[in-house]
Amino acid sequence: MKFDDLQARLRDARAPLRFTGHGSKDFYGEAPTGEVLSTLSLNGVTAYEPSELFVSALAGTPLADVEALLAQHHQRFAFEPPRFPGGSGGQGTVGGMVAAGLSGPSRAALGSVRDHVLGAVVINGNGELLHFGGTVMKNVAGFDVSRAMAGSLGQLGLITEVTLKVLPLPAATATLRFEFDQATALMALNRWGGEPLPIEASAWWDGALLLRLAGANAAVGAAARKLGGDVIPNDMAAPFWTGLRDQADEFFVGAERAVAGGARLWRLSLPSTTPELKLHGEQLIEWGGAQRWVVTPLEPAAVREAAASVGGHATLFRALDKGCGVFTPLSAPLAAIHRRLKASFDPHGVFNPGRLYPNL
Amino acid sequence: MNAPVDLATRRAALVAALAPLLPAHALLHHAEQTTPYECDGLSAYRQRPLAVALPETEAQVAAVLKACHRLGFPVVARGAGTGLSGGALPHEVGLTLALAKFNKIINLDPLARTARVQCGVRNLAISEAAAPLGLYYAPDPSSQIACTIGGNIAENSGGVHCLKYGLTLHNVLRVRGFTVAGEPIEFGSEALDAPGLDLLSLVVGSEGMLAVVTEVTVKLVPKPQLARCIMASFDDVRKAGDAVAAIIAAGIIPAGLEMMDKPMTAAVEDFVHAGYDLSAEAILLCESDGTPEEVAEEVERMEAVLQVHGATRCQVSADEAQRLKFWSGRKNAFPASGRISPDYMCMDSTIPRKHLATILLDIQRMEQKYGLRCANVFHAGDGNLHPLILFDANDPDELHRCEQFGAEILQRSVALGGTISGEHGVGIEKLDSMCVQFSADELEQMLSLKRAFDPDGTLNPGKQIPSLSRCAEYGRMHVKRGLLAFPELERF
């Protein structure tokens with residue numbers, strides 16, 4: 001599909017459109033509705049210069065293709081976006097990755113998808129092809145619309161191309177395991193966070209804390225000696241971190257079973273120092289304490305309240321019934337800005353309507 | 001424009017509306033009181049506001065905003081006034097909302113590694129307060145001794161360590177403030193993300209056009225145990241540019257990677273006597289920070305790359321005093337330039353770093369073309385250029401040539417795939433250059449975005465995003481002179 005065809009289609013649309021790549025994240029957010037508009041014809045890396053630390057790709061480019069290319073040059077997306085199985089066999093596209101705004105285990109240390117977006121090309125509801133941002137790290141010309149596309153779930157327009165910062169692969173990694181209960185793990189993670197240690201990812205579940213160190217050889221070695229714990233060989237640790245990243249590890253497999261049985265999987269985003277949340281059900285803790293996965297039969301209001309009471313928020317990640325709403329409701333002034341912003345980019349209200357919030 | 005009587009009437013109306021809301025000393029409207037607020041760091045543009053409000057509480061901010069909103073008065077928020085693009089230039093019929101009294105550090109949380117501070121707290125004051133905890137706030141614009149965190153939010157300020165530590169946006173969790181209508185609002189959260197659209201991305205760098213910020217939660221990071229700096233000389237700017245790209249290509253992300261050309265090196269050496277190599281065509285400063293093991297390893301790797309790419313001299317700082325000495329010249333590029341020329345205009349564009357040598361050679365050609373000298377300092381690691389064009393403002397022809405020179409640098413930067421502003425913002429200074437970088441549709445979308453936050457368009461109107469009629473009128477880039485106030489301040 002050529003850009004001008006796409007532009008005309010978006011300009012003339014008066015009924016809901018559902019932007020889709022591989023459909024690997026259809027489960028995420030409110031239920032998708034509307035006529036499918038596939039981005040898969042927008043396929044290809046349009047610019048990649050390893051020494052400039054950026055890659056540009058059309059929205060429908062498979063994430064796996066881009067990551068394979070980066071790996072050839074010893075680089076990566078440092079935010080480790082999760083990859084989910086899609087209906088068409090794909091595991092997600094670059095456009096979907098940005099639109100969903102999900103980041104993986106290294107997020108607390110290295111930043112989110114949002115933090116790595118440098119530029120985006122977007123078609124708005126007037127069918128205009130708009131370029132925001134660029135390919136350089138420092139760019140303060142105009143409002144930072146490209147970064148606001150991250151996590152927007154298609155509300156503001158169709159992303160046709162994105163430019164993302166890439167980083168070199170670390171020279172060394174090491175994984176350490178500690179037998180810690182939850183409270184001990186949370187305290188340790190926050191204490192270590194204040195020290196100059198090369199901690200790149202963490203995961204606590206079921207009485208064990210795993211830490212991934214990454215950086216220069218000497219720094220990783222010195223930190224491993226300082227921290228103690230049991231060293232998990234890299235060939236054993238790597239599949240664990242990949243499974244965690246893609247939500248395919250034991251915890252998430254168990255969560256999916258529980259969800260099939262009527263429980264709900266929540267993503268709680270909290271201040272990292274929040275003490276152990278006494279919620280009924282299994283919890284997996286990432287991001288140094290700042291992201292907690294909870295699989296629980298509890299009423300949604302109780303989970304939302306638990307998150308809100310400590311200054312965080314709860315997202316209903318997987319459930320058979322999402323009738324209670326997926327995302328934490330917004331304050332009145334924020335909701336008003338959301339409505340006006342949506343109308344500004346999508347005057348006919350046809351881009352993924354209701355996917356972020358019902359009535360948006 | 002407005003006749004004096006009209007202005008006087010409007011001023012009286014504004015003062016009458018605000019007087020009941022503020023202590024008498026917090027509302028300034030006589031000329032001698034408002035003149036100190038007539039410009040920010042870009043002193044070539046001056047405009048006295050109708051009045052200046054200096055609220056002391058958030059309730060007063062809300063009340064002032066509500067009153068101005070009801071009566072339709074524009075509001076321009078202001079921090080320390082160190083901005084370099086005129087973002088805090090007052091509005092002729094508006095109120096300047098000076099937030100300097102919001103200068104308290106509310107809370108430092110060593111365990112969470114966050115600081116909750118009022119908007120008027122100085123950038124450096126955060127790091128100073130956090131120092132006993134072994135923590136600091138990473139973004140370090142060189143005006144950090146004076147600039148406020150609220151202003152940093154407005155500009156998405158950078159500094160010399162952005163490549164490794166990110167911009168303001170990457171180091172801020174949450175901002176609290178008020179809508180143009182005086183309603184309290186929060187963007188972001190104390191967690192790492194917030195529900196809904198990522199409005200924090202829009203608010204950071206919005207130059208006071210979308211909301212008024214009164215409180216900020218920033219991330220603090222552990223202070224590196226050690227930092228060492230390599231000072232490398234090159235006999236050819238192309239080799240220096242290639243060495244920069246090669247360091248990145250080798251998988252190294254230096255804590256700082258700066259470049260100075262020969263004229264700048266001569267100017268700063270005369271000023272600070274840091275022992276720079278005056279015969280070099282270009283000097284690179286490459287900094288490594290982290291654990292001692294990490295730094296030793298990285299310094300060794302960087303030195304090897306620099307040698308391979310033709311460095312004629314490499315010196316590694318032996319101790320902290322020497323490291324600071326290496327940096328002293330780089331940090332004093334502005335005052336040093338002030339000593340060798342009556343005036344200078346500072347440009348601020350970003351280009352892909354592989355084009356560093358190209359643009360440096362282009363600038364050398366432009367020096368011939370316009371008959372003016374230019375000294376260059378670059379944040380080479382992220383391709384952010386700060387050419388300083390030397391001229392004499394008393395000579396109208398020199399001023400004119402300087403403007404043309406600057407415009408050509410910005411145009412060239414855009415043509416090389418870069419941007420017209422890396423970190424100083426657009427403000428009033430670069431409105432016309434925005435017309436070069438963005439299409440009419442893109443600008444209209446940004447103006448429409450502003451209306452989503454500020455439907456009546458009274459928050460800092462006329463800044464950052466040019467109207468389409470303005471672009472039509474100018475038709476091309478037309479760069480205004482960037483004379484600076486506070487010439488003694490370190491910049492960049």
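The predictor's confidence in each residue is expressed as pLDDT, on a scale from 0 to 100. For chain B of this predicted model the mean pLDDT is 92, and 95% of the residues of chain B reach 70 or more. Over residues 476-489 of chain B, however, the pLDDT is below 50. In the model this stretch has 47 contacts beyond near neighbours in sequence, two residues being in contact if their C-beta atoms, placed from the backbone, lie within 7 Å. The model as a whole scores ipTM 0.97 and pTM 0.95.

Residues are numbered from 1 along each chain as its sequence is written, and chains are lettered from A in the order in which they are written. Because the model is predicted, local features need pLDDT of at least 70 and side-chain atom pairs count only at pLDDT 80 or more, whereas totals for chains, interfaces and linings use all residues.

**Domains**

Domain bounds come from an automatic or database domain assignment. In chain B the assignment gives domain 1 (1-223) and domain 2 (224-420 + 477-492), and the C-alpha centres of these two domains of chain B lie 30 Å apart. Chain A is assigned domain 1 (3-168 + 337-345), domain 2 (172-245) and domain 3 (250-318). Between domain 1 and domain 3 of chain A the C-alpha centres lie 27 Å apart. Four residues of domain 1 of chain A are in contact with five residues of domain 3 of chain A. The domain 1 side of this contact in chain A has three nonpolar, no polar and one charged residues; here Ala, Val, Leu, Ile, Met, Phe, Trp, Tyr, Cys and Pro count as nonpolar, Asp, Glu, Lys and Arg as charged, and the others, Gly among them, as polar.

**The contact between the chains**

Chain B contributes 78 residues to the contact and chain A contributes 67 residues. On the side of chain B, the elements giving two or more residues include helix H8 (237-249), helix H10 (292-308) and helix H16 (440-453); helices are DSSP runs of H or I with at least four residues, numbered from the N terminus. H16(B) gives the most to this side, with nine residues. By class, the side of chain B that touches chain A has 33 nonpolar, 28 polar and 17 charged residues.

**Helix packing**

Two packed helices are described by the angle between their axes and the distance between the axes. Axes are lines fitted to C-alpha atoms, for helices over the stretch in contact, and angles run from 0 to 180 degrees between N-to-C directions.

| Helix pair | Angle | Axis distance |
|---|---|---|
| H8(B) and H13(B) (356-370) | roughly 150 degrees | within 8 Å |
| H9(B) (262-272) and H12(B) (333-340) | about 95 degrees | 9 Å |
| H8(A) (217-227) and H10(B) | about 170 degrees | 7 Å |

The angle between H8(A) and H10(B) is about 170 degrees, which makes H8(A) roughly antiparallel to H10(B); angles under 35 degrees count as roughly parallel, over 145 as roughly antiparallel, 65 to 115 as roughly perpendicular and the rest as oblique. In this pair, Asn217(A), Ala218(A), Ala219(A) and Ala222(A) of H8(A) meet Glu293(B), Glu294(B), Ala296(B) and Glu297(B) of H10(B). The contact of H8(A) with H10(B) has four nonpolar, one polar and three charged residues.

Within chain B, the axes of H8(B) and H13(B) cross at roughly 150 degrees, so H8(B) is roughly antiparallel to H13(B). The contact takes Val237(B), Arg238(B), Gly241(B), Asp242(B) and Val244(B) from H8(B), and Leu356(B), Ala357(B), Leu360(B) and Leu361(B) from H13(B). These residues divide into six nonpolar, one polar and two charged.

H9(B) and H12(B), by their angle, are roughly perpendicular to each other. From H9(B), Met264(B), Ala267(B), Val268(B) and Phe271(B) meet Ala333(B), Pro335(B), Ala336(B), Ser337(B), Arg339(B) and Ile340(B) of H12(B). By class, the contact of H9(B) with H12(B) has eight nonpolar, one polar and one charged residues.
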